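Colleague: I have a structure open and would like to learn how to read its features. Could you take me through some of them?

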Amino acid sequence: MSTAIYTSKLTKQYGDLVVVDGLDLDIATGEIFGLLGPNGAGKTTTILMLLGLTDPSAGSMEVLGMDPRRNPLEVKRRVGYLPDAVGFYDDLSGRQNLRFTARLNHVPDADRRIDELLEEVGLAAAGDQRTGEYSRGMKQRLGLADALVKDPSILILDEPTTAIDPEGVAEILDMIRSLARERDVTVLLSSHLLNQVQAVCDRVAVFVAGSVVAQGTPHELAAQQEGNVRVEFRFAEGTDSALDRLERIASVGDVVEGTAPDSWVALVEMGAIPDTVNELVEAGVKLTGVRRLDEDLDAVYRRYFEKREAVV
């Protein structure tokens, strides 16, 4: 699989302040990749470097095989960008704003393409309405259409659901998923909202204080954690005696009742799951299932963030 975005030791520094610190990324073509971190972590600065809008202090980067510093216009032509605060001409209609972008980028057959995009983002009925009358959610959807007018190979979205109601958030996320798959577009999504990144992204980089402290799929990030993991045990019979035996195993911590019948969820030391199962079986406990429960990104992120804060 080819690489869409690549950075090596990418760094941005303002005086003594290091905003992005030695960033290494390798984002595959067609991937939906998330930059996850709190506001001020360096996500937007990273995006600006990738777009050629600010120069790095050190390191290297490639976007579609090009250095944004040497080929800024070509990179911008092939990359669609939706900033966190979308700016449109309020006195123009949604259609007119898209037509303006299309003309700037010399898009052929622009009117047909604009009609298609307005339909895709659910604004066909509002296309001739003044943009100043749009809600925040409508402007974000128009922003998606605007970023797609030039038929980009990469779509960069910076906090695309800021200040949108829950229903609008769900619509935006659905659109991102479908647009990425149907158009085979690589998506770089920057967000501080954990559940949204988990719902959309194939892989995630956890960004804290200018550095990526972890990178991988949500499952891989959970698997990399040190300490205890949550494991669901299902018992065939004799639940009380089986539970008593489970709670007396040294590698097992807190145990709570599971959601399935005759199931219990225990905190088990990392790497001790096979030994725990063996000890239960040798004690005569009959198991019908053992399943590790992955942490969601909220728990994973909090662990990495707490570790980093402790070091700082």
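**Burial and salt bridges**

Modeller: Asp 67 is buried, as its relative accessible area is 11% and buried means under 20%. Keep in mind that this is a predicted model.

Colleague: Which residue does the side chain of Asp 67 meet in a salt bridge?

Modeller: A salt bridge is a side-chain nitrogen of Lys or Arg within 4 Å of a carboxyl oxygen of Asp or Glu. Here the partner of Asp 67 is Arg 70, at 2.7 Å from N to O.

Colleague: Is Arg 70 buried or exposed?

Modeller: Arg 70 is exposed, with 67% relative accessible area, because the cut-off for exposed is over 50%.

Colleague: How many salt bridges are there in the whole structure?

Modeller: A search finds 22. One of them joins the side chains of Arg 181 and Asp 202, with 2.9 Å from N to O. Arg 181 belongs to helix 6 (residues 166-183), while Asp 202 sits in the loop between helix 7 (194-200) and strand 8 (203-208), so the pair ties together parts 21 residues apart in sequence. Both ends are partly exposed: Arg 181 at 47% relative accessibility and Asp 202 at 29%.

Colleague: Which residue forms a salt bridge with Glu 232?

Modeller: That is Arg 291, and the closest N and O atoms are 3.4 Å apart. The pair links distant parts of the chain, since Arg 291 is in strand 13 (residues 287-293) and Glu 232 in strand 10 (residues 228-235), 59 residues apart. Arg 291 is partly exposed at 45%, whereas Glu 232 is buried at 4%. As for networks, salt bridges that share partners join Asp 67, Arg 69 and Arg 70 into one.

Colleague: Now to the strands. How many residues of strand 6 are buried?

Modeller: For a strand, ask which way each side chain points and whether it is covered. In strand 6 (residues 154-158), five of the five residues are buried, so the strand is largely enclosed by the rest of the structure. Ile 154, Ile 156 and Asp 158 point one way, Leu 155 and Leu 157 the other way.

Colleague: Does strand 6 pair with strand 5 in the parallel or the antiparallel sense?

Modeller: Strand 5 and strand 6 are parallel, with four bridges. Strand 6 also runs parallel to strand 7 (residues 186-191), and five bridges join them. Ile 156 illustrates both pairings: Tyr 81 stands opposite Ile 156, and in strand 7 its bridge partner is Leu 188.

Colleague: In what order do the strands of the open sheet come?

Modeller: Look for the strands with a neighbour on one side. The open sheet has three strands in the order 2-1-4, with antiparallel pairing. Its edges are strand 2 (17-28) and strand 4 (58-63), each pairing on one side only. On average, neighbouring strands are turned by 15° against each other, direction ignored. Strand 1 (residues 3-14) is joined to strand 4 by five bridges, and Tyr 6 stands opposite Glu 62 in strand 4.

Colleague: Which helix packs on the sheet?

Modeller: Helix 1 (residues 43-50) does, touching strand 1, strand 2 and strand 4, and its direction makes about 115° with that of strand 1.

Colleague: Last, the surface. Which residues form a nonpolar patch there?

Modeller: Tyr 89, Phe 100 and Leu 104, with about 330 Å² of accessible area together. Tyr 89 is in the loop between strand 5 (79-82) and helix 3 (94-104), and at 48% relative accessibility it counts as partly exposed.

Notes: Residues numbered from 1 in each chain as written. Predicted model: local features only at pLDDT ≥ 70, side-chain atom pairs only at ≥ 80, totals over all residues. Heavy atoms only, no water. Pairing = 2+ DSSP bridges. Helix = DSSP H or I, 4+ residues; strand = E, 2+ residues; numbered from the N terminus. Axes fitted to C-alpha atoms, helices over the stretch in contact; angles between N-to-C directions. Contact = heavy atoms within 4.5 Å. Patch = residues over 30% accessible without salt bridge, like charges linked within 9 Å, V, L, I, M, F, W, Y side chains within 5 Å. Areas by Shrake-Rupley, 256 points an atom, 1.4 Å probe, with all protein chains shown as cover. Buried < 20%, exposed > 50% of the residue type's maximum accessible area, 1.4 Å probe, protein only.
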